[in-house]
Amino acid sequence: MRTDNEALVAYLGDPQRAVAAYWELLRRKGDAVGAIRAGLSHESAAVREGCCRLLDHLVDTESMGQLITMADDPDARVRIAAFHALACDRCKDDACAPGADRVLEPALLHLASDPDPQVRSRAAELVGKFARTDARAVAALQVSHRQDPSPAVRKKAGWYIPGGAVYERTGPRASR
């Protein structure tokens, strides 16, 4: 079995080898990022999804544009992984999260019209990051909260609007 970075990325598409390849690529950190970025254009959706999941932990400024592009992948699993990676700050070391200028438009588009409810749910998380700073985010979340066909998406959108659990929990603390 080959163990170079490119081979490990390809193994992400093999159910027998995917888990071991994922952990080895994650262990290699920056040494593997070039191969992981290249894997975002792999023919296998499983490889592209695995690369998005890896970039959730290993993202750098050079990878951010490619990760944003993956939000438009034809495969819903890839879009879900891309939106998670863009919204999740917990998984990243010291990479800064992308700003609204780069990610809000794609997130708004997918929240409103993606055919997959799990993608819309992940898009709601990303849109929710900007609910305190961008009126478009609040408006889109309110529409989704009222009208999305999926109860799970309606519920998640409600978490991020004013009065919602996440919105209230993440706001500035009142001084005593």
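A residue counts as buried at under 20% relative accessible area, as exposed at over 50% and as partly exposed in between, with a 1.4 Å probe and protein chains only. By this criterion, 50% of the 176 residues of the protein chain are buried. The model is predicted: local features need pLDDT of at least 70, side-chain atom pairs count only at pLDDT 80 or more, and totals for chains, interfaces and linings use all residues. Residues are numbered from 1 along each chain as its sequence is written, and side-chain values use heavy atoms, without hydrogens and water.

The protein chain holds eleven helices and zero strands. Both are DSSP runs numbered from the N terminus (helices: H or I, at least four residues; strands: E, at least two). The radius of gyration, taken over C-alpha atoms, is set against a globule rule of 2.2 Å times the number of residues to the power 0.38. The value for the protein chain is 17 Å, close to the 16 Å that the rule gives for 176 residues, so the chain is as compact as a globular protein of that length. The C-alpha trace spans about 55 × 40 × 25 Å along its principal axes.

Helix α5 (residues 61-69) packs on helix α7 (residues 100-113) at an angle of about 10°, with the axes 10 Å apart. This makes α5 roughly parallel to α7, a label for angles under 35 degrees. Axes are lines fitted to C-alpha atoms over the stretch in contact, and angles run from 0 to 180 degrees between N-to-C directions. Contact means heavy atoms within 4.5 Å. M64, G65 and I68 of α5 meet R102, V103 and P106 of α7.

Terms used
Parallel < 35°, antiparallel > 145°, perpendicular 65-115°, else oblique.
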